[in-house]
Amino acid sequence: MTDGEIEITADLVRDLLREQHPDLAGLSIREVAGGWGNQMWRLGDGLAVRVQRMDPTPELQLNERRWLPVLAPRLPLPVPTPVRSGEPSARFPKHWTVMTWVPGDPLDCSSISRGDHAAGALAGFLRALHVEAPADAPVSSDRGGHPKDCTDGFDRFFHAVVPDGLADDVRAVWDDAVAAPEWEGPPLWVHGDLHPANVVVSDGTLSGVIDFGDMFAGDPAWDLAAAWVLLPAGAASHFFDAYGRADAGTVRRARGLAAMKSLFLMLMGRNGDLGLPGGKPAWGPAGRAALDRVPRG
């Protein structure tokens, strides 16, 4: 991976550790496939190094450093927790963070076979996460709004990749979300980017949640879309029963956002198939499977 003229390699990561955290520099270092804004490297058996790569500012990584230690202790699934901070230096001009490693296989490279168990695990996780956020919690400039504020993005994804046989049903789901009422509760903590590459599975069920760089305070519907984006067919109703807090309007917004997220995954998958920068081939099948689930409710 490159950032400008700086190639991010295991040797670079080890040099950074020697420079700022020499007690960790002797641990094994292994690249983790994937990543976009940040590149991940396994560090020994229980840690990872998260290196700022494409993100233009350190804000997302700094948010994780600030807030994950606050949130992690009350969350019922493992999440990465920062343990050391790496600062810009002459060797590398961006931020990096040593975090705990969350074991499991990313869902975009695996599958959930225990749907009801995973639905309960996801519901319990989001019940614990979705509490009122403090006044100084981060806000998002491109996520967290009502679906009606995201129409341009939805239309772009829709026209690019929606299958002809699903177009009418997906459009109907989106139009219903746009017509749904606004979130009227206080801003809640929201993960903000729950998709198959940002959760891990073990033994056929959800076993961890990663990449909190987009966390913000806002409408929980952005996370509740995961009922369709992550869970297998037929599990959404069990999820919402277990979550127990979503009114009809929130479910409508969440379902529309699930349609938009699914289309985005399909577009990223297509870009990956074409070899375009940032494309993710594994996301295409995951997005299509999710889009198939959305019209079923």
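Helices (H or I, at least four residues) and strands (E, at least two) are taken here as DSSP runs, numbered from the N terminus. The model is a predicted one, in which local features need pLDDT of at least 70 and side-chain atom pairs count only at pLDDT 80 or more, while totals for chains, interfaces and linings use all residues. Residues are numbered from 1 along each chain as its sequence is written, and side-chain values rest on heavy atoms, with hydrogens and water left out.

Threonine 205 is found in strand 11, and at 5% relative accessibility it counts as buried, where buried means under 20% relative accessible area, exposed over 50%, and partly exposed in between (1.4 Å probe, protein chains only). When its neighbours within four places in sequence are left aside, threonine 205 is in contact (heavy atoms within 4.5 Å) with Arg114, His117, Ala118 and Val200. The C-alpha atoms of threonine 205 and leucine 107 are separated by 9.6 Å, although the two residues are 98 residues apart along the chain.

Ala118, one of these contacts of threonine 205, is also among the buried residues of helix 3, which include Leu122, Phe125, Leu126 and Leu129. These buried residues are covered by elements including helix 2 (59-71), strand 11 (205-209) and helix 8 (236-243). The end C-alpha atoms of helix 3 (residues 115-129) are 21 Å apart, which agrees with the 21 Å that its 15 residues should span at 1.5 Å a residue, the expected span being 1.5 Å times one less than the number of residues.

Not counting residues up to four places away in sequence, phenylalanine 125 touches Leu75, Pro76, Leu77, Val79, Val209 and Phe212.

In helix 10, the buried residues are Trp283, Gly284, Ala286, Gly287, Ala290, Leu291 and Arg293, and they pack against helix 5 (167-179), helix 7 and helix 9. Helix 10 (residues 283-293) also gives the most to the lining of the second largest pocket, with 3 residues. Of the 13 residues in this lining, Leu107, Ser110, Ser111, Leu230 and Arg293 lie nearest the centre of the pocket. A pocket is defined on a 1 Å grid over the protein atoms alone, as an open set of points where a 1.4 Å probe fits, with protein on both sides within 12 Å along at least five of seven lines, and lining residues have an atom within 4 Å of a point.

Aspartate 203 lies in the loop between strand 10 (199-202) and strand 11 and is exposed, with a relative accessible area of 68%. Aspartate 211, in the loop between strand 11 and strand 12 (216-218), counts as partly exposed at 22% relative accessibility.
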